[in-house]
Amino acid sequence: MEAERKSGLNRRSFLKAAAGVAAAGTGLPRPGRAIAAGEGRLATLIDLSLCDGCAERPVPACVAVCKEINKDKIPPIREPIPTPWPRKGVEDWSRRREVFDRLTPYNFIYVHRAEVEFEGRARTVFVPRRCMHCDNPACATICPFSANHKYENGAVVIDPDLCFGGAKCKAVCPWEIPQRQSGVGIYLHVLPNLAGNGVMYKCDLCQERLAAGKLPGCIEVCPRQAMLIGPRPRIFALGEERAKAMGGYIYGKKENGGTSSLYVSPVPIAALNGTMRREPGRPDMKAERRRMEETDRMGKAVLQAPLYGIAAGVFGAFLSLARRRDRRRGGEKDHE
Amino acid sequence: MSDRILPEKGLVVRHGIVEIGEHWAIAISGLILLVTGLFELPLANRYYITSLPGLGWSGDFIKALYIHYAASVVFIAASVFHLLYHGIRGERGMLPQWEDIRASILVIGSFFGKGEEPPFHKYLPEQRLAYVGMAVIIAMLILSGLVKTYKNLYAPDMPLALTIWATWIHNVFFVLFILALAAHIGALALKPNRPMFRGIFTGTVRLDYARRRHPLWIAELEGKDEGEARLEGPPGVEEGKGLPAETPEGGEAEGAGQTTAMEPAAAYDRGGAEKSGSQTADPHGGSGETQRR
């Protein structure tokens, strides 16, 4: 807290930043969705030295409030859920909404408990996990319907009205964060058996609350203020400062090409990762690289392709015209 | 334009090597784009395409995107090349004229046995209309694709409105591209069009077909041939040209049996004379070779 006070950051100032974001976002073409856009990019900090997993509560405060805020996000499920063809299989969490120890369409954050040994002593570290809101998120850029979009404030948000539930976003996310609920969404009105399979859900950084000048639920209710949100440069500076002060480690700064969620951990990230077994809805903490990087060079060639065409077209045309002229001239000479 | 008559072979050069190259660069890259575009929908895993031998990669969106990008480079460069190369050379035979709309209806009617085809130039009126349709579809796919690529590389947080416009233009014109491609290939199912099929592989069509169906084109080529022959041809060829037709194209014109083709066919007696002339006077064939260069 001391460091936070020093840097001039407190909950009030974060709130102010969020309100500014909300104000700047008005007047965009899709009110209610684009409100998240606005001046300045936000980032969040998750200080693992502070999080105690709300040991005294049945459900950690951040998880409980997230569930409460988003409880009506998923509309009633169509029963029976259409069976996809030819590959069958639906994902239905509507009867297991209470699950809180993994990511589900009804649960956008959970807290992993890591028992690690560090510097000769056993430690318990609690790691809240949710969408990292990456800087160049493949989940958003590769969405075939632009249902998933990264806003100027850094939040990566899925529009449930446009999502077909093809789960591409989950496939390209290094942490497989988005979770599908079948039997809801636009696909039901198109070809429910042949295309689509529901809607993908994940943390949207509480866009509606930000727009209303409030903090994201998890950040607001955290009894230990283990999570913070604010202007990106200040959050990143604070993260470095805290990591340095505790001799700790940072996760989320470079992973997947950079994210807007910084974990500051008193124990090495590899130690935390060692306690995580990657399974559905439970991401690990590997040093993930941004796989889309493999396509960047070819993507640049695509952007240059019009120039290749212009150069070849102009050169080719003038070359052929010059030849035609030479031929005519030659012909005239012959004729003479 | 490399169009010219090869009387000794009974063929007409319809497409030069550049046009054939453009066509197949756009066609092959376009097909790859179409297939990888479908894989991005996502579709490969759901429809078990990933289980097909050699197509395991089809469910990997990033690999499919890489191939999509690679094909785009060819597709975009070839399309831009096409516009500039032919634009600068002043080749506008594929641009539609106003009367093409009415003429297309007549021609399509004739495919279904209603009325006779009018005499054609190098391209059928509906080919010119289809060309513009395909050009608009390709242009929209390229423009929206460039915006999407720029977003992927540099601006994932570009305004949502722009992203949505680019995405949906890409998706809608993708569907139109599939329909246009189906129509383009489907046109070959119509019997009268089949003789044109060889043209896009070999560059040539049969002269008798061209005389019967594209008399306006042949008339222009023969006018050009005469003009160019006067410039380029060795002395004596012109005399050959003037020879009366011993075996004019009458037989073929009869074969066509089309009243509409009569007038042009009559006009091509001159062409028939040229053919027979060239058959008797070898130097003219030589001049054809000169022109090819």
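These exercises work through strands, helices and a chain contact in a predicted model.

Residues are numbered from 1 along each chain as its sequence is written, and chains are lettered from A, with ligands numbered from 1, in the order in which they are written. In this predicted model, local features need pLDDT of at least 70 and side-chain atom pairs count only at pLDDT 80 or more, while totals for chains, interfaces and linings use all residues.

**Exercise 1.** Describe how β2(A) and β3(A) are joined.

Solution.
- Step 1: Helices (H or I, at least four residues) and strands (E, at least two) are DSSP runs, numbered from the N terminus. Two strands pair if DSSP finds at least two bridges between them.
- Step 2: Strand β2 (residues 110-118) and strand β3 (residues 121-129) of chain A run antiparallel and are joined by nine bridges.
- Step 3: His112(A) has Val127(A) in β3(A) as its bridge partner.
- Step 4: The two strands form a hairpin with two residues between them. Glu119(A), in the turn, has a positive phi of about 55°.

**Exercise 2.** Find the strand order of the open sheet in chain B, and say which strands stand at the edges.

Solution.
- Step 1: The three strands have the order β1-β2-β3, with antiparallel pairing.
- Step 2: β1 (4-6) and β3 (204-206) of chain B each have a single partner strand, so one side of each lacks a neighbour in the sheet.
- Step 3: Three bridges link β1(B) to β2 (residues 11-13) of chain B. Ile5(B) stands opposite Val12(B) in β2(B).

**Exercise 3.** Classify the crossing of α3(B) and α4(B).

Solution.
- Step 1: The axes of α3 (residues 100-111) and α4 (residues 125-153) of chain B come within 8 Å and cross at roughly 120°. Axes are lines fitted to C-alpha atoms, for helices over the stretch in contact, and angles run from 0 to 180 degrees between N-to-C directions.
- Step 2: α3(B) is therefore oblique to α4(B). Angles under 35 degrees count as roughly parallel, over 145 as roughly antiparallel, 65 to 115 as roughly perpendicular and the rest as oblique.

**Exercise 4.** State which helix gives the most residues to the side of chain B that touches chain A.

Solution.
- Step 1: 41 residues of chain B are in contact (C-beta atoms, placed from the backbone, within 7 Å) with 49 residues of chain A.
- Step 2: α2 (61-88), α4, α5 (160-186) and α8 (215-232) of chain B each supply at least two residues of this side.
- Step 3: α2(B) gives the most, with 18 residues.

Notes:
Contact = placed C-beta atoms within 7 Å.
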